[in-house]
Amino acid sequence: MRTLKLAGIAAIETLVNQALKYDPVSKKRLENLQGQVFGFHFQQPDLDVYLMIETQQLRLMGQWDGDTQAEVSGLMKDFIQLASAEDKTQALMEFGLQVQGSTQSLSVLQSVMSSLNIDWEAAIADVTGDVPGHLIADGIRFLASSAQSIIGNLDRSSRNFIKEESGLFAHPVQAEEFSKKVADVRFQSDRLQARINKLKQQMEAIQQ
Amino acid sequence: MSEQETIDFGYQQVPKSEKKNKVAEVFHSVANKYDVMNDLMSFGIHRLWKRFTIELSAARPGHKILDIAGGTGDLASAFANIVGDQGNVVLADINGSMLEVGRERMVDRGHTSNVDYIQANAEELPFPDNYFNCITIAFGLRNVTDKQKALESMFRVLKPGGRLLVLEFSKPTSQLLSKVYDEYSFKALPLMGKLVTDDADSYKYLAESIRMHPDQETLKAMMQKAGFDPVTYHNMTGGIVALHRGIKL
Ligand SMILES: C[S@@+](CC[C@H](N)C(=O)[O-])C[C@H]1O[C@@H](n2cnc3c(N)ncnc32)[C@H](O)[C@@H]1O
C-alpha cells in the first residue's frame, strides 16, 4: 500500500514544517543544507525515509531516485536500545549504526532536529498506532539526540558503507508488511487488555 | 448601441465583444473550485499521488522543470521549493483562466522569483530543444487531442538524461475495484460536480474521458514510440491511477 505509507510520511512532514515555521533560527540554520537529501533506513520493521531540505521547509519521501548527502541505517531495536543507553559511545560499539556520506551535514541536521519542539512519539503514534509509534519515536529521538556522538566516534575505516551491503536495501520498503506488523501488535495488545479486564472481573467476583 | 451584435451565452444574449470575458468568467469560477473538487473526488488522495510523482522526479536545486497542463500548480509549487533560486519552474496550461488561478495560488504559496507562467498547448511546446531536466503532466494528457504529438513535443524539449512523468487515471487492476470505481465515477462524480460547481456535465465528461484514456501498457508503448527509453510505470490505488516515467537517453 504505497498510498498508506505516503500518507504517514506526509503527516510527519506537516508536523515538522509547522514546528520549523515558528522557529526562524532553526530555519535559518537549515539554509546551508538547502537542496541536500538524507536517507534513513530502519530495519525490522523496515522503513526507508528520505529527507530533502527545500528553501523554506523539509520534504519527507518514501523513496528517492537521486543522490544523497548522507545515509544512516540500523535495526529498529538497536535504535531503541541505543536511545535508552546511558553511555551512548559504549552502546554504539555494541549496536552500530551505519553511516555513509557527509557526516558534517548530518550533524547540522541532527542538531536542528533536536532543537525543534516536536513530540515525535505522539506524531508517529498518530500515523502508525500507539505501540510502534512509541518505539519508532525512541529511534528518531535517539537519532536527533545522539547522532553527534555517533559521528564523533566514527572511525573512517570502520564505517560500514550501506551501498556495499546494498542487498539489504535493494528492494523498496514493504510498507504493507510494516503496517501488518503494526496491526498484529495492536491486535495482540487489545486481546491482552481484554484478558486483563476479564481476569479483573473474575477476581472482583471472587472477592465479593 | 442598440445595433451592437449579440450572441448566445447559455440562455442569455450578450454583446459579442463580451462573450470572451463571460466565458473566461465561467472558467474562472470552475478553476477556483477546482482544488476543492480534486480533494473531494479523490478523498484527498490526489495529493499522495502527486507526492509520489515528486519522489520519482529526481528534481534538484538548479533544475529547469516544466509542469504542463499544470492547472492550479500543485506540482509546480513543490518543484519551486526544490529547484531554489538557481532553478526555474514553468507552469504551463492551455487555458488562460486556469493559468491565472495557478498564478494566484503560486503567489499565495509565496512563489515569485523562480516560476514562469506560459499559456501553451502540450502538442506544440514553445520551448527550445533539450531544455528541461524534467517534465510533468498530471491529469492532463487525457484532455489533449493528439496525445502522441504531445509526447513527441515533450521528448523534444527534454534534455538528454531528462525524464517525463505522466500521472493519469488508468485501468484498475482488479475487476471488483473496476466495478466499484465505475459506479463511483459515473454516478457519484457528476453528483458532486453538480453540488460544488453546479456543473454536472463537466464531471460526466471527466468520468468518460477517464475511460477513453489509454491503459498502462498502451501509454507505455506510446511513450516508447515518442522516443523514451526506458519507460516504466507504477500503479497506484489499485491502478485507478498510474505514474509513467520515461527517460530521454
Ligand atoms: C484536470 S486538470 C489538471 C491540473 C493539474 N495538473 C492537477 O493535477 O491538478 C487538466 C488541465 O489540463 C489543461 N489542458 C487541457 N488540454 C491541454 C493541452 N492540450 N495543453 C496544455 N494543457 C491542457 C486544462 O486546461 C486543465 O487545466
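Two strands count as paired if DSSP finds at least two bridges between them. On that basis, chain B of this predicted model holds an open sheet of 7 strands in the order 5-4-3-6-7-9-8, with mixed pairing.

## The sheet of chain B

Strand 5 (115-119) and strand 8 of chain B stand at the edges. Each has a single partner strand, so one side of each is left without a neighbour in the sheet. From one strand to the next, the twist averages 15 degrees.

Strand 7 (residues 158-169) and strand 9 (residues 241-247) of chain B run antiparallel, joined by 7 bridges. One residue of this pairing is B:Glu168, whose bridge partner in strand 9 of chain B is B:Ala242.

Two helices of chain B lie across these strands. Helix 2 of chain B covers strand 6 (132-138), strand 7, strand 8 and strand 9 of chain B. Helix 3 of chain B lies across strand 3 (64-68), strand 4 (88-93), strand 5 and strand 6 of chain B.

## The sheet of chain A

Chain A has an open sheet too. Its 5 strands follow the order 3-2-1-4-5, and the pairing is mixed. The edge strands are strand 3 (58-61) and strand 5 (98-101) of chain A, each pairing on one side only. Neighbouring strands of this sheet are turned by 15 degrees against each other on average, direction ignored.

Helix 1 (residues 2-21) of chain A packs on this sheet. There, helix 1 of chain A touches strand 2 (47-53) and strand 3 of chain A.

Strand 1 (residues 37-43) and strand 4 (residues 70-75) of chain A pair in the parallel sense over 6 bridges. Within strand 4 of chain A, A:Ser73 stands opposite A:His41.

| Helix | Strand | Angle between directions |
|---|---|---|
| Helix 1 of chain A | Strand 3 of chain A | about 165 degrees |
| Helix 2 of chain B | Strand 7 of chain B | about 165 degrees |
| Helix 3 of chain B | Strand 4 of chain B | about 170 degrees |

## Where the chains meet

The contact takes 22 residues from chain B and 22 residues from chain A. Between them the two chains bury about 1,800 Å², 53% of it on carbon and sulfur atoms. In chain B, the residues that lose the most area to chain A are B:Arg51, B:Glu55 and B:Asn81. Together they account for 38% of what that side buries.

Polar links cross the interface as well. The rule finds 8 residue pairs in polar contact there, both residues at pLDDT 80 or more. On the side of chain B that touches chain A, the elements giving two or more residues are helix 2 (45-55), helix 3 (74-83) and strand 8 (231-236) of chain B. Helix 2 of chain B gives the most, with 7 residues. By class, this side of chain B divides into 12 nonpolar, 5 polar and 5 charged residues.

## Salt bridges

Over all chains, the structure holds 11 salt bridges. B:Arg51 lies in helix 2 of chain B and A:Glu13 in helix 1 of chain A, so this pair joins two chains. The closest N and O atoms of the salt bridge between B:Arg51 and A:Glu13 are 2.6 Å apart. Between chain B and chain A the count is 3 salt bridges.

Note on methods: Residues numbered from 1 in each chain as written. Chains lettered and ligands numbered in written order. Predicted model: local features only at pLDDT ≥ 70, side-chain atom pairs only at ≥ 80, totals over all residues. Heavy atoms only, no water. Helix = DSSP H or I, 4+ residues; strand = E, 2+ residues; numbered from the N terminus. Axes fitted to C-alpha atoms, helices over the stretch in contact; angles between N-to-C directions. Contact = heavy atoms within 4.5 Å. Buried area = accessible area lost by both parts, 1.4 Å probe. Salt bridge = Lys/Arg side-chain N within 4 Å of Asp/Glu carboxyl O. Polar contact = N/O pair within 3.5 Å; in protein donor to acceptor, adjacent residues only side chain to side chain. Nonpolar A, V, L, I, M, F, W, Y, C, P; charged D, E, K, R; others polar.
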